[in-house]
Every structure is written in structure tokens, then in C-alpha cells.
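Visitor: Before my first question, please show the sequence and the structure together.

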Amino acid sequence: MNYNNILVDGKKPTATITINRPNKLNALNKDTIAELSHAFKALEKEQEIKVIILTGSGEKAFVAGADIAEFADFSVKEGGKLAAKGQKILFDLIENLSKPVIGAVNGFALGGGLELAMACHFRVASHNARMGLPEVSLGVIPGYGGTQRLPQLIGKGRAMELIMTAGMIDASRALSYGLVNHIVPQEELLDFCQKIANKIANNSSVAISYAIKAVNAGFKNDSNGYASEIDAFGQCFGTADFKEGTTAFLEKRQANFPGK
Ligand code: COA
């Protein structure tokens with residue numbers, strides 16, 4: 001697939017996906033969502049890619065929301081479909097991806113943009129980042145998982161206030177809320193994320209994929225997080241990574257994970 005709205009830099013073991021519509025503050029239109037979905041699926045299959053960083057191009061925005069121009073005249077049915085499809089092909093896909101996804105929030109992350117950042121496994125922000133869910137100011141609500149992931153990340157009361165006021169918080173408030181894990185100067189953002197990615201890449205990618213599954217299971221209504229953890233923990237014992245990790249520890253050497 002040829003991408004027109006995103007850039008994919010597959011420098012192993014980390015791939016960086018950059019949403020590249022800076023003139024529209026990287027707003028998520030239908031094509032961008034489809035391209036992102038395709039890119040994540042393709043990178044998930046690439047054995048040598050261990051971590052994915054997601055960011056926006058330019059100095060102003062990560063993503064300033066879903067593309068308002070595209071859905072302004074939608075009907076009830078079309079609105080429902082928009083949310084259902086987007087959640088399935090992109091937001092849920094990222095959250096449940098077997099490889100870690102770091103959101104590098106380099107500016108505005110609003111509406112669908114914050115929802116996209118929240119679908120990532122964790123987030124790092126630059127100092128200029130501003131985050132919010134302004135949907136109710138447009139007469140709509142967050143539709144890409146924002147009403148669920150924001151309370152999970154920052155607590156129900158804070159999420160309610162942020163959604164109801166349609167307000168924006170700056171990076172330091174986002175840090176104090178636990179919405180982002182770190183704040184760094186914008187020019188250091190990608191290097192900083194890359195350093196975290198390198199640390200992650202030294203570990204067992206198979207074990208990490210099981211950990212993602214177990215953590216996510218606790219936030220789903222139809223699954224039991226503890227039971228999922230027990231199952232995933234047991235599965236680890238059947239992997240080559242587990243044999244290598246434990247053998248390397250006992251032999252007092254660095255593990256070299258085969259990734260199986
Ligand atoms: N959808 C479509 N286009 C968007 C957009 C969005 N969510 N966010 C920004 N853009 C476009 C603007 O229409 C403008 O395009 P134009 O130059 O062709 O007119 C361009 O991006 C630059 O945005 P602009 O508003 O001029 O920048 P600003 O610095 O004055 O304001 C924001 C920045 C983020 C405060 C403002 O763009 C904004 O409020 N965007 C919408 C945020 C939102 O409500 N998102 C939730 C959607 S559900």
C-alpha cells in the first residue's frame with residue numbers, strides 16, 4: 001500500500017509512524033485511519049520490529065482530532081458506523097497490538113488525537129503538548145474510545161471534568177494526572193522515546209506480548225485479568241525466550257532472545 005498521509009520509518013528494532021498532514025494539524029480523516037491501520041498490521045508482522053513509536057509531523061500537533069470537515073453532515077447511522085469502524089480498525093488494534101506502541105505527543109492531542117494517544121500503550125509528551133476531548137463543544141461525544149480510556153488513565157472525576165468542559169490540559173498537568181509518563185523538550189522527544197524503545201527491545205518480545213494481553217484483560221468487561229495473567233504466565237514457560245532468559249540469568253550472561 002502506498003501511504004499519502006503517514007510516513008513509516010522502519011529502522012530496526014523500532015519503527016516510527018508519523019502522521020503527516022501538518023497543514024490540517026494531522027487531523028484524522030478516513031484515509032489516514034485506513035493507512036495507520038494498514039501500517040500497524042504490517043509492522044506487527046515484521047519479526048525484527050520490536051517497538052513502534054507513533055507521532056505527528058510538524059511542531060504544532062500530534063493530531064488535532066478527527067477530521068471535522070469529513071463528518072459534519074453525517075446522519076445518526078453514519079455517525080455510529082464511523083465510531084464503530086474506527087475503533088475496530090485502529091484504536092482497538094493499537095491497544096491490543098502484540099508489540100509495544102509508544103505515543104510521542106509532540107503538540108495538540110485533541111479529540112480523536114488524544115484518543116489515538118490513549119490507545120497507545122503509554123505516552124511521552126513534549127513541553128508544548130496540549131491535550132483534551134473537545135467533542136461536546138461540537139455537539140458530539142468522544143467516539144474512538146475516549147469515554148472509556150480517559151477514566152481508566154486519569155480517574156472518573158478528572159475525566160468527567162475534562163470531557164464536560166471540553167477543556168485542554170498542558171503537559172505538566174497531564175503528567176500529574178498520569179496521562180503521560182514523561183515530559184521532554186520537543187527536539188528531544190523522538191530520541192527519548194527511542195531510548196525507552198531500546199530498553200524494551202532488549203527484553204523478550206514474546207513475554208511482552210503476553211504482558212500486554214494480561215494488562216488489557218483487566219480493562220475488558222468480558223474477561224478476567226487475573227485469569228488471563230495466569231494463562232499468559234503459563235504460556236511463557238513453553239517459549240524459547242523463557243528458556244533463554246532463565247538460562248542466561250543462571251549462566252550470568254546477557255540474554256539474547258530468539259523471539260519465540
Ligand atoms: N479537523 C479538520 N481540520 C482541522 C482540525 C480538525 N480536527 N483541526 C485543525 N484543522 C485544520 C484547520 O481547519 C486549519 O485548516 P485551514 O488552514 O485549511 O483552514 C488547519 O488545520 C490549522 O488549524 P487552525 O485552527 O487554523 O490552527 P490554530 O492554531 O488557530 O488552532 C487548534 C489550533 C487545535 C486549537 C484548532 O485547530 C482546533 O480547535 N481544532 C479542532 C480541535 C477539535 O475540536 N478536535 C476534536 C474533533 S472531534
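Guide: Helices (H or I, at least four residues) and strands (E, at least two) are DSSP runs, numbered from the N terminus. The model is predicted, and local features need pLDDT of at least 70, side-chain atom pairs count only at pLDDT 80 or more, and totals for chains, interfaces and linings use all residues. Residues are numbered from 1 along each chain as its sequence is written, and side-chain values use heavy atoms, with hydrogens and water left out.

Visitor: Is Asn26 buried or exposed?

Guide: Asn26 belongs to the loop between strand 2 and helix 1 (30–45). Its relative accessible area is 0%. A residue is buried under 20% relative accessible area, exposed over 50% and partly exposed in between (1.4 Å probe, protein chains only). Because the value for Asn26 is 0%, this residue is classed as buried.

Visitor: What is the phi of Asn26, which is not a glycine?

Guide: Most residues other than glycine have a negative phi, and most peptide bonds are trans. Asn26 is not a glycine, yet its phi is positive, at about 60°.

Visitor: Where is Lys252, and what is its relative accessibility?

Guide: Lys252 also has a positive phi, of about 55°, although it is not a glycine. Its place is in the segment after helix 11 (240–250). Lys252 counts as exposed because its relative accessibility is 79%.

Visitor: What is the angle between the planes of Phe237 and Phe242?

Guide: Phe237 and Phe242 form an aromatic pair with 4.4 Å from centre to centre. The pair is tilted, and the angle between its planes is 45°.

Visitor: Which residues do ring pairs link into a cluster?

Guide: Phe237 is partly exposed because its relative accessibility is 38%. Phe242 is likewise partly exposed, as its relative accessible area of 26% shows. The cluster linked by ring pairs consists of Phe233, Phe237 and Phe242.

Visitor: What distance separates the C-alpha atoms of Gly80 and Gly143?

Guide: Gly80 is part of helix 3 (residues 76–95). With a relative accessible area of 41%, Gly80 is partly exposed. Gly80 and Gly143 are 63 residues apart along the chain, while the separation of their C-alpha atoms is 8.5 Å.

Visitor: What is the relative accessible area of Glu59?

Guide: Glu59 has its place in the loop between strand 3 (51–56) and strand 4 (61–63). Glu59 is exposed because its relative accessible area is 63%.

Visitor: What is the relative accessibility of Val140?

Guide: Val140 sits in the loop between strand 8 (130–132) and helix 5 (146–154). Val140 counts as partly exposed because its relative accessibility is 36%.

Visitor: Where does Lys30 lie?

Guide: Lys30 counts as exposed, since its relative accessibility is 59%. The element in which Lys30 lies is helix 1.

Notes. Rings of Phe, Tyr and Trp (its six-membered ring) pair if their centres lie within 6.5 Å; planes under 30 degrees apart count as stacked, over 60 as edge-to-face and the rest as tilted.
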